[in-house]
Amino acid sequence: MRYSQYFIPTVKETPSDAEVVSHKLMLRAGMIRKLAAGIYNYLPLGLRSIRKVEQIVREEMNRAGAIELLMPSVQPAELWQESKRWEQYGKELLRFKDRKDAEFCLGPTHEEVITDLVRREVKSYRQMPLNLYQVQSKFRDEIRPRFGLMRGREFIMKDAYSFDVSSEAADISYDKMYQAYRRIFQRCGLRFRAVEADTGSIGGSSSHEFMVLADSGEDAIVSCTACEYAANVEKAEARLFPPEHAEPRELEKVETPQKRSVEEVTAFLGIPASSLVKTLLCVADGEPVAALVRGDHDLNEIKLKHLLGCEELEMASEEVVERVTGAPVGFAGPVGLKIKIVADLVVQGMKNFVTGGNARDLHFKNVNIGRDFTPALIADIRNVVHGDPCPRCEAGHLEMWRGIEVGHVFKLGTKYSESLRATFLDADGKEQVIFMGCYGIGISRTVAACIEQNHDADGIIFPIPIAPFHCIISAVSTKDAEVMAACDELYRALTAVGVEVLFDDRDERPGSKFKDADLIGIPLRIVVGSKNLAEGKVELKYRKSGEVSLLTLAEAVETVKGLVVAALNQ
Ligand code: ATP
Ligand code: MG
């Protein structure tokens, strides 16, 4: 591709409405342009990367035995009413009516449509296992569309759905997808982790998220230093700490004027945060609940929600706190509290700790479980922290990472097949419900996540497998016929061996060509200038390391080919 004939509208200035690096760089590199909030045009360069990811995804899905189809993005309301999600999904579901007043939505996901198709077409155990997938635009009317392709309203997803005769057979389908996802992100050249994830509101029994590691990631994840355990912090299990051995001391009231936060109280009393227990008041389906966690730990609302089995859990308002504790916010404590108390496992092992005193400017010292209050429930309700012992092995501890969720695999069980009555006849002619799994990859988000992980001050640093082009040839002087002839020769030789080349033939200063090449992140650059060419040489520069080598034309072709082939076969 000749740069001069292509469409790469790069921009020098950082766009003011972009917050994260990938959004800024994709705009600057001319990969995307905004049409409306969370809705983007994919320009040629951006589309090339998207197509690369799609291609890898298709190859691995096909290899795993999944079959491609394409479902409409417009979906009738009736199906969503049948699955009960028409009411449950809320405002993210974009709904509209046709001219006959029939209700429709734009598909945020396709469980209903695929289950409807399968219930009509699959009647016998002989037709399974079946795994159907598509690459399709999804629409989710996100409250805060932001970060460019990272959280769009319209975005491209690969979604697959598996259908099996039993839970055991569904486990095998799930495992195939899990392995395919590992290969997909490995082949994309990304550093990632597959982590255990909360199953959330979709329901279902188990799930893994695939997280691209990047400091800017919205998700906190942990992995063990010694074994394979890795989980989203939302889900990561905390192991029981050994209990403290100390004699209970006498309960004591202390004045703590204006000291409300953990930092203020512990500084004032001269104790570490780990000697204090904070009392967090929540409201679970309308009922106030007190959650106790150690001062330096955070409450995990998802764990608490599962424990209480409630539909809705929120932090209590000031009014509720004052009504329940009789004190302003900042002085809540378990002693004398009349509502349900849930204590974290770690709190169970603590002795002589500090808590709020349920009165203005008052705390208690030497509080002890059993003597001073009795929790209704003691369970793991905190977020794990860096250094926690691994819940699965004896040898390792947990390390924290930030991640961007690019893929999600999910055992659905019979949730949709039951509500939509997707059944089959087993070998004995008995009617059974189909077991399902669903598997999503954010194709457009994967490109953005790749940039979050791979960039520097000058721009994007694409890994070869999903770079829009593998190699860029920069002609230093377009006026020099020999230079242009050498570029043409390189272009032809590289293209012939399967290398995708962008030939920067523009009549621009070399400096600005190099800036653009760095910005758009092409992994390999061949610079052809008259001085080196007089010696029969060209410069090969690696975008990632900045390393430069002087090579003959033939050597340059061989080296680039070797690097590309190796990267595409990893
Ligand atoms: P998130 O928690 O980030 O909102 P999700 O859990 O709702 O995502 P899934 O329903 O699991 O997303 O969708 C499958 C995949 O689609 C996700 O792993 C993610 O890569 C991608 N995805 C989801 N929402 C968006 C979005 N708004 N923009 C771009 N990609 C998205
Ligand atoms: Mg998800």
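1. Asp456 and Arg543 form a salt bridge, with the closest N and O atoms 2.7 Å apart; the term stands for a side-chain nitrogen of Lys or Arg within 4 Å of a carboxyl oxygen of Asp or Glu. The pair links distant parts of the chain, 87 residues apart: Asp456 is in strand E25 (residues 455–456), and Arg543 is in the loop between strand E30 (537–542) and strand E31 (548–552). Helices (H or I, at least four residues) and strands (E, at least two) are DSSP runs, numbered from the N terminus. Asp456 is partly exposed at 30% relative accessibility, whereas Arg543 is buried at 7%. Buried means under 20% relative accessible area, exposed over 50%, and partly exposed in between (1.4 Å probe, protein chains only).

2. This is a predicted model, in which local features need pLDDT of at least 70 and side-chain atom pairs count only at pLDDT 80 or more, while totals for chains, interfaces and linings use all residues. Residues are numbered from 1 along each chain as its sequence is written, and side-chain values use heavy atoms, with hydrogens and water left out.

3. The count of salt bridges comes to 38. One of them joins Lys52 and Glu500, with 2.7 Å between the closest N and O atoms. Lys52 lies in helix H2 and Glu500 in the loop between helix H13 (481–496) and strand E28 (501–504), 448 residues apart. Lys52 is buried, with a relative accessible area of 14%, and Glu500 is partly exposed, at 25%.

4. Another salt bridge, Arg51 to Glu54, has an N to O distance of 3.2 Å. Both residues belong to helix H2 (residues 44–63) and are three residues apart, about one turn of the helix. Arg51 is partly exposed at 45%; Glu54 is buried at 4%.

5. Which residues have the most contacts inside the largest nonpolar core? They are Met31, Tyr181, Phe185 and Phe210, in a core of 62 residues. Such a core is a set of buried Ala, Val, Leu, Ile, Met, Phe, Trp, Tyr and Cys residues joined through side-chain atoms within 4.5 Å. Helix H6 (residues 167–187) gives the largest share, seven residues. At least three residues come from each of domain 1 (15–237 + 400–452) and domain 3 (469–568), with bounds taken from an automatic or database domain assignment.

Conventions
Chains lettered and ligands numbered in written order.
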